[in-house]
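Dear colleague,

I am handing over the structure below, and my notes on what was found in it follow directly after. Please read them with the structure open beside you.

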Amino acid sequence: MQLKKDVKTTYRKTLILLLVLSLTVALLTPVFAEEAEPEEAARQTETTEEEAKTEEAPVSDVEDDAVSRAIRDYVTSLGGTHPTPYVKGGMAMAWGCCAFVNLVWLRVFGKDTYDAKPEAVESGGAVSDVASWLTANGAKNGDIVWAHNGFMTHYIIIHDWDENGMWISDGCMAGIVSHNYEYVSYNYYPGFFSGACALTLYRLPEDMRSKVEPEIPEDFEEDKWSSEPILTAMDQGIMQTNDEGNFLPNRYVSRAMLVEILYCMEGCPSVTGRAFKDVPGDAWYAKAVLWAACNNIISGDDINTFSPDKALSRQDLYGVLYNYARYRNVLPGNAVELDGFLDVGNVPYYDIYPLQWAVGNGLLGGDGGRLYPNSFTTRAQVAQIMTAFKEKAGL
């Protein structure tokens, strides 16, 4: 009898214990759900990432902007993870998503939020229309947006937005990059950007933004055929202004200038030696000329001279560019006949194929049915040709 009584007592105690545990889990679950990382909170809903995104993400106006590209390139270099916590002066200052945004600002723009002390714009309450709020407050790509209430908090770097969603970069508590310039709907992170949180906008200071934005030349003229190629060439590091901040678009390009452009595109590899007697070893273009000569990209006027200051003709430019394409193994073939050009007879036989190659690859279209092979090439023209070459070659 005592054994049966003990069994009943034990059974009742077990039931009570299970009931207490069930009630504890039920009470604590909402709290944990509210404090969960954004991606965990998303998994607790029936909305998947693919469902939350639009069927086909729209194209952003800042896709090729220098600021967003710099952020995207740096986050890509992280390889899918980011350090957390964020350590400053030997102390852990931030974790997860907050660590991510501070790391990106520091590495891309030179300062984290602690040193930058950015201007903060507070919403003063929950925001249900994020797109209107961002627009009204003049948000820009590279700014940080903090969504927060008493239970949830999340930081993102904003790139662009529309009425349905936004392009963001962010990380998570586990040190994983959640998005890198990706489009998500406002409902993707339940609550954060769909009306349950207040928002704070931290503006990227203009002096930090200017570190990656292209320089505008003093002599820049808008609404000209060369305006976009010049800014693109400068943004890509292909060409720069002089010490006075002028681009000099109408200045003729010398042979040395073109070789220096290609050398810089290769990352200025180390070279030693000397290729031509008229290229001093301490000249600003000496290493570029040597590198190009060693890789059969250029040849001299004769065995010992390069004529670095000689103005570059069209046929010379495309001859060098064709050799560079062979060196990089890009844009092979596609040569076409030049019979449709009135001055094809003025092209030396050894420059015929490079011009056929240039026309076939859309790098040369002629002018009024003429090639003008002996005309000198300006800096504006080189900017247009080199940016087109990089795009078509995928460089």
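Apart from its neighbours within four places in sequence, Gln240 is in contact (heavy atoms within 4.5 Å) with Met234, Phe247 and Arg379. This is a predicted model, in which local features need pLDDT of at least 70 and side-chain atom pairs count only at pLDDT 80 or more, while totals for chains, interfaces and linings use all residues. Residues are numbered from 1 along each chain as its sequence is written, and side-chain values use heavy atoms, with hydrogens and water left out.

Gln240 itself lies in the loop between helix H9 (227–235) and H10, where helices (H or I, at least four residues) and strands (E, at least two) are DSSP runs numbered from the N terminus. Because its relative accessibility is 42%, Gln240 counts as partly exposed; buried means under 20% relative accessible area, exposed over 50%, and partly exposed in between, with a 1.4 Å probe and protein chains only. Between Gln240 and Pro217 there are 8.8 Å in space, C-alpha to C-alpha, although the two are 23 residues apart in sequence.

The next element to look at is strand E8 (residues 198–202), of which five of five residues are buried. In a regular strand the side chains alternate between the two faces of the sheet. In E8 both faces are covered, with Ala198, Thr200 and Tyr202 buried on one side and Leu199 and Leu201 buried on the other. Strands pair if DSSP finds at least two bridges between them, and E8 pairs in the antiparallel sense with strand E3 (residues 120–126) over four bridges, while five bridges join E8, also antiparallel, to strand E4 (residues 144–148). Leu201 in E8 stands opposite Val121 and also opposite Val145.

In helix H11 (residues 286–294), the buried residues are Ala286, Ala288, Val289, Leu290, Trp291 and Ala292, and what covers them includes helix H10 (255–265) and helix H12 (314–328). Just after H11, Asn296 takes a positive phi of about 60°.

Finally, the cysteines: with a disulfide taken as a pair of cysteine sulfur atoms within 2.5 Å, the count comes to zero. Cys97 is in no disulfide, the nearest cysteine sulfur being that of Cys98, 6.5 Å away, and Cys97 counts as buried because its relative accessibility is 7%. The sulfur of Cys268 is 4.0 Å from the closest cysteine sulfur, in Cys264, and is therefore too far for a bond, while Cys268 is partly exposed, with a relative accessible area of 39%.

With best wishes
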